[in-house]
Amino acid sequence: MGKLFSELRPEHEAFIKKQQMFFVASAPMDTDGHVNLSPKGYDSFRIISPTEVAYLDLTGSGNETSAHLQENGRITLMFCAFEGPPLIMRLYGKGTVILPDTPRWDELVKDFPLLPGARQIITVNILEVKTSCGWAIPFYSFSKERDTLQKWTLAKDEQELLAYQQENNVRSMDGLPTPLGQKLFSQ
């Protein structure tokens with residue numbers, strides 16, 4: 001039932017654009033380390049080309065994906081059809097963390113809405129696209145985005161947000177450094 005592709009096809013791109021959320025998975029090299037799986041929402045995902053995608057990553061309670069990408073680059077993105085015909089799509093690739101105030105950030109950020117708390121952009125060079133049936137995925141209807149994260153971020157001034165990032169976003173659960181952490185402590 002599963003099919004492999006070397007890049008996104010137009011029908012894959014159309015499917016991705018209809019999804020209201022996606023999932024990001026990464027892991028450290030250490031087999032005792034934590035595998036991370038994060039849901040992502042908002043209008044934060046962009047298709048750059050059939051072999052490259054990106055998402056705007058917002059300040060959160062951790063920064064696991066960033067640390068894992070810096071260590072080994074491995075990342076998987078997954079999209080599920082919760083409405084319409086069943087389908088699961090995974091994008092396997094090598095990810096890169098793009099921080100603000102860099103040329104690549106300036107190139108990419110203009111394609112995203114400016115969401116409060118944007119801390120980095122994650123780009124993924126796609127190595128494989130895998131689709132599978134999704135026949136067991138239940139139907140869910142999209143109602144609306146939650147505004148809780150945006151309200152939380154907007155309630156903080158720049159120094160409070162920076163302090164939060166310094167406390168929560170500079171290392172992974174397993175102690176791996178993040179690019180954001182290295183930037184924050186090199187200033």
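## An aromatic cluster

Phe22, Phe45, Tyr55 and Phe79 form one aromatic cluster. The structure is a predicted model, where local features need pLDDT of at least 70, side-chain atom pairs count only at pLDDT 80 or more, and totals for chains, interfaces and linings use all residues. Residues are numbered from 1 along each chain as its sequence is written, and side-chain values use heavy atoms, leaving out hydrogens and water.

## Phe22 and Phe45

Six aromatic pairs occur in the structure. Rings of Phe, Tyr and Trp (its six-membered ring) pair if their centres lie within 6.5 Å; planes under 30 degrees apart count as stacked, over 60 as edge-to-face and the rest as tilted. Phe22 and Phe45 are edge-to-face, because their ring centres are 5.0 Å apart and their planes meet at 65°.

This pair links distant parts of the chain. Phe22 sits in strand β2 (residues 22–26) and Phe45 in strand β4 (residues 45–49), 23 residues apart. Strands (E, at least two residues) and helices (H or I, at least four) are DSSP runs, numbered from the N terminus.

Phe22 is buried, at 3% relative accessibility. Phe45 is buried too, at 13%. Buried means under 20% relative accessible area, exposed over 50%, and partly exposed in between (1.4 Å probe, protein chains only).

## Trp152 and Tyr164

Trp152 and Tyr164 have ring centres 4.8 Å apart and planes at 75°, so this pair is edge-to-face. Trp152 lies in helix α4 (residues 148–154). Tyr164 lies in helix α5 (residues 158–168). The pair therefore ties together parts that are twelve residues apart in sequence.

Trp152 is partly exposed, at 30% relative accessibility. Tyr164 is partly exposed, at 22%.
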